Amino acid sequence: TIVILFALQGDTITGRPTDVARIALPLLAYFALMWGGSFAVGHAVRLPYPRTATLAFTAAGNNFELAIAVAIGTFGVTSGQALSGVVGPLIEVPVLVGLVYVSLWLRRRFQPAGR
């Protein structure tokens with residue numbers, strides 16, 4: 001289903017970059033705020049680094065598979081809503097990979113060398 005959806009929305013993604021950007025920018029803000037806020041809360045309540053990182057990634061991660069299924073079922077496979085569901089994982093994966101590097105960098109603040 002995902003492969004078919006990406007194939008059907010591929011022309012829209014490449015042909016309407018402003019629509020994709022309008023979907024992507026709020027998602028970027030969401031991931032940054034949810035991850036950063038959750039990481040800060042975990043640090044503030046003095047959770048150890050592994051739990052803080054887990055909290056942050058759990059809060060930032062989305063269930064786009066469910067969103068895609070609902071959008072297709074409700075609005076159809078070529079709808080704008082389905083496009084949003086397709087763009088979501090295209091943004092989520094690289095952003096969360098980038099946040100892994102931020103998390104690893106922050107680990108040095110939580111765990112002294114040699115621990």
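**Exercise 1.** Determine whether Y49 is buried or exposed.

*Solution.* Buried means under 20% relative accessible area, exposed over 50%, and partly exposed in between (1.4 Å probe, protein chains only). Y49 has 9% relative accessibility, so Y49 counts as buried. The model is predicted: local features need pLDDT of at least 70, side-chain atom pairs count only at pLDDT 80 or more, and totals for chains, interfaces and linings use all residues. Residues are numbered from 1 along each chain as its sequence is written, and side-chain values use heavy atoms, leaving out hydrogens and water.

**Exercise 2.** Classify the aromatic pair that Y49 and F110 form, and state which helices hold the two residues.

*Solution.* Rings of Phe, Tyr and Trp (its six-membered ring) pair if their centres lie within 6.5 Å; planes under 30 degrees apart count as stacked, over 60 as edge-to-face and the rest as tilted. For Y49 and F110, the centres are 5.7 Å apart and the planes make an angle of 55°, which is a tilted pair. Y49 belongs to helix α3 (residues 49-60) and F110 to helix α5 (residues 80-110), so the pair ties together parts 61 residues apart in sequence. Helices are DSSP runs (H or I, at least four residues), numbered from the N terminus. Ring pairs also link Y49 and F110 with W35, F39 and F57 into a cluster.
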